[in-house]
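User: I would like to learn how to read surface patches, helices and salt bridges in a model. Please take me through them one at a time.

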Amino acid sequence: MKLIISRFIAIIILVIPGLLAMKGFLMMKDDIFNYLSMHGDDSVTPVFAWLHFGGGLLLFAAGMSFLGGWILTRDRKKNYVGPRFREKQKTEQPAAKSNL
């Protein structure tokens with residue numbers, strides 16, 4: 001039972017950033033659509049909602065960054081990534097020679 005609960009919590013931790021990214025994408029899409037649809041209406045002056053678009057961009061970037069980081073960390077643990085994305089191994093520095 002404990003394994004089921006821990007897996008459910010892990011799924012919830014991944015679903016929440018995914019929903020945030022989805023909401024941000026939809027906010028940006030709606031702002032662009034509303035701005036373009038205002039150009040067909042002669043009674044209004046087209047104004048772009050920069051604050052709403054910026055909030056959507058922030059939500060989208062935060063959600064996708066979390067999911068991308070989680071996938072990269074998981075793939076690094078399982079050694080699925082290419083050499084470019086592998087963690088840098090710490091190399092020992094040779095001891096300095098003394099000129100005594």
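Analyst: This is a predicted model. Begin with isoleucine 9, which lies in helix H1.

User: Is isoleucine 9 buried, partly exposed or exposed?

Analyst: Buried means under 20% relative accessible area and exposed means over 50%. Isoleucine 9 has 46%, so isoleucine 9 is partly exposed.

User: Which residues make the nonpolar surface patch?

Analyst: The patch covers about 1,200 Å² and is made by Met1, Ile4, Ile5, Phe8, Ile9, Ile12, Ile13, Ile16, Leu20, Phe66, Trp70 and Ile71. Two elements, helix H1 (2–38) and helix H2 (50–77), each give two or more residues to the patch. H1 supplies the largest share, eight residues.

User: Why do residues three or four places apart in an α-helix point the same way?

Analyst: An α-helix has 3.6 residues a turn, so such residues point the same way.

User: What span should H2 have at 1.5 Å a residue?

Analyst: With 28 residues, H2 should span 40 Å, and the C-alpha atoms at its ends are 40 Å apart, which agrees. Just after H2, asparagine 79 takes a positive phi of about 60°.

User: Which residues of H2 are buried?

Analyst: They are Phe53, Gly56, Gly63, Leu67 and Asp75. Their cover includes H1.

User: How many salt bridges are there?

Analyst: There are two salt bridges. One joins lysine 29 and aspartate 30, at 3.2 Å from N to O. Lysine 29 is partly exposed at 41%, and aspartate 30 is partly exposed at 35%. Another pairs arginine 74 with aspartate 75, with closest N and O atoms 3.2 Å apart. Arginine 74 is partly exposed at 37%, whereas aspartate 75 is buried at 16%.

Terms used: Residues are numbered from 1 along each chain as its sequence is written. This is a predicted model: local features need pLDDT of at least 70, side-chain atom pairs count only at pLDDT 80 or more; totals for chains, interfaces and linings use all residues. Side-chain values use heavy atoms; hydrogens and water are left out. Patches are made of residues with over 30% relative accessible area and no salt bridge: like charges are joined within 9 Å, nonpolar side chains (Val, Leu, Ile, Met, Phe, Trp, Tyr) within 5 Å. Accessible areas come from the Shrake-Rupley method with a 1.4 Å probe; for residues, only the protein chains shown count as cover. A salt bridge is a side-chain nitrogen of Lys or Arg within 4 Å of a carboxyl oxygen of Asp or Glu. Helices (H or I, at least four residues) and strands (E, at least two) are DSSP runs, numbered from the N terminus. Buried means under 20% relative accessible area, exposed over 50%, partly exposed in between (1.4 Å probe, protein chains only). The expected span of a helix is 1.5 Å times one less than its number of residues. Contact means heavy atoms within 4.5 Å.
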